[in-house]
Amino acid sequence: MQGKVEICGVNTARLKVLSAKEMDRLLLQAKDGDEDARGQLIEGNLRLVLSVIQRFEKRGECPDDLFQVGCIGLMKAINNFDPTKQVKFSTYGVPMIAGEVRRYLRDNAAIRVSRSIRDVAYRVLQCKEALLLKLGRDPTLEEISKELDLPEATVSEALDAVCAPVSLYDPVYADGGDPLTVMDQVRDTRNTDENWLERIALRDAFRALGPREKEILSLRFFDGKTQMEVANLVGISQAQVSRLEKGAISAMRKQVLPS
């Protein structure tokens, strides 16, 4: 973004810069309803918009879109600024412009994240940038969490919340042949077709058992009860529990692995 000369048809190399006296005069005139003064203020503060949107250049958003949103924030700042207060316009305008851009990013995110998590994420990103300048390297999660007095899990969750989603079909490596995609890197070896078929077969075999056998297997293998504990709960002897358990397992094995 920093090397981009033109944004939304505006030549950023030739943007007008207003002096402090011009700013004060135009702000007073705009406050009195002078539309020409308001237009000059907008034109004279476009560099301020550029400086703000550069903070968001790594979000993968179109610079033209961010610039337009930033200009909306600038206009809101001009409309709401009170020139009689002893505050520089840039001090008031920068948070307004940044807030408008953040609202746009939040409302147009591919994955919706709660406002509280996103607010934490912006604090984490600002802290990360400050520590990067201070340390000369990327800070660790532990360093960021200590700086913000937040748990490491919260910092990690916040950073994940503002990461742009990646397609499973995005290539990550290519060497003349078929590219290696994200899907190839995150393949789940546990939930394969074979495992799913086994689960379905086990579920159907369990459903075919009688109520007593289902209860005993559930207590034994889902609740982790001993045969004696199951016997006390069901009201039969341990020997009967053992016999019913073996019979149920044998019936399920025959259904899952037919000879």
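The legends below describe close-up views of a predicted model.

**Figure 1. Overview of the chain.**
The secondary structure of this predicted chain comes to 13 helices and 4 strands. The chain has 259 residues, and 31% of them are buried. Of the contacts with a separation of 6 or more, 52% are between residues 24 or more positions apart.

**Figure 2. Helix α5 and the elements that cover its buried residues.**
The 19 residues of α5 should span 27 Å at 1.5 Å a residue, and the end C-alpha atoms are 27 Å apart, which agrees. The helix runs over residues 89-107. Its buried residues are F89, G93, V94, I97, A98, E100, V101, R102, Y104, L105 and R106.

A98 is part of helix α5. Its relative accessible area is 2%, so A98 is buried, the cut-off being under 20%. Leaving aside residues up to four places away in sequence, A98 touches V52, R55 and F56. F56 is 42 residues from A98 along the chain, yet the C-alpha atoms of the two are separated by 9.2 Å.

Beyond residues up to four places away in sequence, E100 is in contact with V69, I72, G73 and K76.

**Figure 3. Packing of helix α5 on helix α6.**
Two packed helices are described by the angle between their axes and the distance between the axes. For α5 and α6, the angle is about 125° and the axes are 12 Å apart. That angle makes α5 oblique to α6. The crossing of the two helices is right-handed. On the α5 side, the contact is made by R102, L105 and R106; on the α6 side, by R115, R118, Y122 and Q126.

**Figure 4. Packing of helix α6 on helix α7.**
Helix α6 covers residues 115-135 and helix α7 covers residues 141-148. They pack at an angle of about 110°, with their axes 10 Å apart. An angle from 65 to 115 degrees counts as roughly perpendicular, so α6 and α7 are placed in that class. The crossing of α6 and α7 is right-handed. Residues R123, V124, C127, K128, L131 and L135 of α6 meet E143, I144, E147 and L148 of α7.

**Figure 5. D149 in the loop between helices α7 and α8.**
D149 lies in the loop that joins α7 to α8. Although D149 is not a glycine, it has a positive phi of about 60°. The relative accessibility of D149 is 70%, so D149 counts as exposed, the cut-off being over 50%.

Helix α8 runs over residues 152-161, and its buried residues are V155, A158, L159 and A161. These residues cover an arc of only 155° around the axis, which puts them on the same side of α8. An α-helix has 3.6 residues a turn, so residues three or four places apart point the same way. The buried residues of α8 pack against α6 and α7. The face of α8 turned away from the buried side carries the exposed residues A153 and D160.

**Figure 6. Helix α11 and the glycine that follows.**
Helix α11 (residues 211-222) has 12 residues. From its first C-alpha to its last it reaches 15 Å, close to the 16 Å expected at 1.5 Å a residue. The buried residues of α11 are I216, L217 and L219. Seen down the axis of α11, the buried residues fall within an arc of 165°, so they line one face of the helix. P211 and F222 are exposed on the other side of α11. Just after α11, G224 takes a positive phi of about 75°.

Definitions and conventions. Residues are numbered from 1 along each chain as its sequence is written. This is a predicted model: local features need pLDDT of at least 70, side-chain atom pairs count only at pLDDT 80 or more; totals for chains, interfaces and linings use all residues. Side-chain values use heavy atoms; hydrogens and water are left out. Contact means heavy atoms within 4.5 Å. The expected span of a helix is 1.5 Å times one less than its number of residues. Buried means under 20% relative accessible area, exposed over 50%, partly exposed in between (1.4 Å probe, protein chains only). The arc is that of the directions from the helix axis to the C-beta atoms. Axes are lines fitted to C-alpha atoms, for helices over the stretch in contact, and angles run from 0 to 180 degrees between N-to-C directions. Angles under 35 degrees count as roughly parallel, over 145 as roughly antiparallel, 65 to 115 as roughly perpendicular and the rest as oblique. A crossing is left-handed if the near helix is turned anticlockwise from the far one by less than a right angle, and right-handed if clockwise.
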